[in-house]
Amino acid sequence: MGDRVPSFFMLVPGPWREPTDVTRALAERGIAAKVTEASPIASGEIRVDLVEDGKLAEALSWGRFGPLPDVLLARVAACTRAALVECGYRLDEAPGKVAALGRTLRDGGGVALRMEASGAASSWEPWLEQLESNDPFRIYASAVLIVQDDDGLVFTCGMHQFDLPDAQITMVEPQYAIEWLDAFCVFQLQEQAALASGHTFCPHPGVPRRSFVRWPDHRHHPDDGRHNPFGVWRFLGPDEAGLEARALLPTIVPSLAALLMSTESKAGRPLTRAEVESLVSRSPAIALEPRAVRELERSRGYADIEPELAWDQWQIVRRSLA
């Protein structure tokens, strides 16, 4: 496996003029941090950079439970700099440690915060209470947004802070869709369930189960902090046909996405559908249990495309890389 270290970012507007102002404030409370550098972050490490932005109030205007108060946004608008803090671990691995970091940033002059993987902004107190609750739902809600697009599709944003895929669903009642996604994402987080395309889920007994299929994140460019490299579970409608659930998953190593990328680069042109399907059929695969596949994904930092849906999913991946 690889040496990848998971991490997440927080944006904290405040009075700081240099990154070292932030690292010193953290050191006074016994929290070791270093100024951001080019090398990859180490496990458990905290790094700090400083961002200059005249539109911080706009960037921190919305949170999980709606718009932030005008009084708070006025304080944010008075700031021209924000600390960009990277933590070298998954958010669910040490929520208490993250809360202690947040308290120190607040006491050092931090006005509010935004979780960069989702864009979810918050005032300090509710966010700190969520992280210190030891409640999986509240920890999840501290970092993940739920969004409805113009077509009525409801989706989550920010689950990669837990090294997990996001999810999306279409329902007549948006509130029911939100409840469904909340239940599913907390199930992923709390149970650390090893899921795969073709599996089914329902939020509680008596509700018909729905099948889901993993797709690449088509909404966010890989350079966007909201991009989820572990993809998105797409819940199918009651009458839609999906992939068959398997006890063992055929897993191409190196990843099919990497093979397609390399092959297309050598060809100097987009691959045809026939070429993509031929490469899939010729690539050797290992049969792995879903849990082993999940660990492989976490080791390399992204989910592969589904071999049975290779052509359509490759179009999403290659567009995002263009």
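Ser320 (S320) is situated in helix α11, which spans residues 310-321; helices (H or I, at least four residues) and strands (E, at least two) are DSSP runs, numbered from the N terminus. The structure is a predicted model, in which local features need pLDDT of at least 70 and side-chain atom pairs count only at pLDDT 80 or more, whereas totals for chains, interfaces and linings use all residues. Residues are numbered from 1 along each chain as its sequence is written, and side-chain values use heavy atoms, with hydrogens and water left out.

With a relative accessibility of 16%, S320 counts as buried, where buried means under 20% relative accessible area, exposed over 50% and partly exposed in between (1.4 Å probe, protein chains only). When residues up to four places away in sequence are not counted, S320 touches H221 and P222, contact being defined as heavy atoms within 4.5 Å. The side chain of S320 also reaches the backbone oxygen of V317, at 2.7 Å; this is a polar contact, that is, a pair of N or O atoms within 3.5 Å, of which, within protein, one must be able to donate a hydrogen and the other to accept it, residues adjacent in sequence counting only if both atoms are side-chain atoms.

Helix α11 packs against helix α9 (residues 273-282) at an angle of about 110°, and the two axes are 9 Å apart. Axes are lines fitted to C-alpha atoms, for helices over the stretch in contact, and angles run from 0 to 180 degrees between N-to-C directions. The helices α9 and α11 are therefore roughly perpendicular to each other, since angles of 65 to 115 degrees are classed in this way, while those under 35 count as roughly parallel, those over 145 as roughly antiparallel and the rest as oblique. R273, V276 and V280 of α9 form the contact with A310, W311 and W314 of α11. These residues divide into five nonpolar, no polar and one charged, with Ala, Val, Leu, Ile, Met, Phe, Trp, Tyr, Cys and Pro taken as nonpolar, Asp, Glu, Lys and Arg as charged, and the others, Gly among them, as polar.

The loop between α10 (290-300) and α11 holds D304, which counts as buried at 18% relative accessibility. Leaving aside neighbours within four places in sequence, D304 is in contact with I252, S255, L256 and A257. Its side chain places a polar atom 2.7 Å from the backbone nitrogen of L256, and the side chain of D304 reaches the backbone nitrogen of A257 at 2.9 Å. Although D304 and A257 are 47 residues apart along the chain, their C-alpha atoms are separated by 6.0 Å.

Strands β3 (residues 46-52) and β6 (residues 81-87) pair in the antiparallel sense over seven bridges, and V48 stands opposite V85 in β6.

Apart from neighbours within four places in sequence, R103 is in contact with L128 and E132, and its side chain makes a polar contact with the side chain of E132 (3.0 Å). R103 and S320 are 217 residues apart in sequence and, C-alpha to C-alpha, 37 Å apart in space.

Technical notes: Two strands pair if DSSP finds at least two bridges between them.
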